[in-house]
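Take the chain from its overall make-up to single residues. Keep the sequence and the fold side by side as you read.

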Amino acid sequence: MKNEPKGFTYSTTVDYDIADMYASSKCKKCLGRGLNKTYTSLNGTIKKNEKLIENLTYCDCVHKNVKKYG
Ligand SMILES: [Zn+2]
């Protein structure tokens, strides 16, 4: 078991609980889920048939609410 400090961290991994907690249900961008999916390729350019890496990031509304409510 890892002992991690509580709080919001801007990391590459997302916490579904935090996304759910801070997401705006009225947000049109993430539809209230608090998470957005983006795709990147290994070399930064997206080509056809190239393997893409899926990234989950917090939506802007989550960042906004985290600042607001801490
Ligand atoms: Zn959102």
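Buried residues make up 13% of the 70 residues in the protein chain. Here a residue is buried if 20 or more other C-beta atoms lie within 10 Å of its own, exposed if 12 or fewer, and partly exposed in between, with C-beta atoms placed from the backbone. This is a predicted model: local features need pLDDT of at least 70, side-chain atom pairs count only at pLDDT 80 or more, and totals for chains, interfaces and linings use all residues. Residues are numbered from 1 along each chain as its sequence is written.

The protein chain has two helices and two strands. Their order along the sequence is α-β-β-α. Helices (H or I, at least four residues) and strands (E, at least two) are DSSP runs, numbered from the N terminus. Contacts also reach across the sequence. Of the contacts in the protein chain with a separation of 6 or more, 41% are between residues 24 or more positions apart. Two residues are in contact if their C-beta atoms, placed from the backbone, lie within 7 Å.

Which residues make up the largest nonpolar core? There are eight: Ala19, Tyr22, Ala23, Cys30, Tyr58, Cys59, Cys61 and Val62. Helix H1 (16-22) and helix H2 (60-69) each supply at least two residues of this core. Such a core is a set of buried Ala, Val, Leu, Ile, Met, Phe, Trp, Tyr and Cys residues joined through C-beta atoms within 7 Å. In soluble globular proteins, nonpolar side chains tend to be buried together. Take Cys30, one of the core residues. Beyond its neighbours within four places in sequence, Cys30 contacts Ala23, Leu35, Asn36, Cys59 and Cys61.

Now turn to the strands. E1 and strand E2 (residues 52-58) run antiparallel and are joined by seven bridges. Two strands pair if DSSP finds at least two bridges between them. Leu35 stands opposite Tyr58 in E2. How many of the seven residues of E1 are buried? The count is zero, and E1 is hardly covered.

Lys37 is found in this strand, E1 (residues 35-41). Lys37 is exposed because 10 other C-beta atoms lie within 10 Å. Leaving out residues up to four places away in sequence, Lys37 touches Glu54 and Leu56. Lys37 and Thr57 are 20 residues apart in sequence, yet their C-alpha atoms are 6.4 Å apart in space.

The loop between H1 and E1 comes next. Lys29 has its place there. Is Lys29 buried or exposed? Lys29 counts as exposed, because it has 12 C-beta neighbours inside 10 Å. Not counting residues up to four places away in sequence, Lys29 touches Asn36, Cys59 and Asp60. From Lys29 to Cys61 the C-alpha distance is 8.6 Å, across 32 residues in sequence.

Leu31 is found in the loop between H1 and E1. Leu31 is not a glycine, although its phi is positive, at about 55°. With 13 other C-beta atoms within 10 Å, Leu31 is therefore partly exposed.

Why does His63 count as partly exposed? Because His63 has 15 C-beta neighbours inside 10 Å. His63 and Ala23 are 40 residues apart along the chain, with their C-alpha atoms separated by 8.6 Å. Ala23 belongs to the largest nonpolar core.
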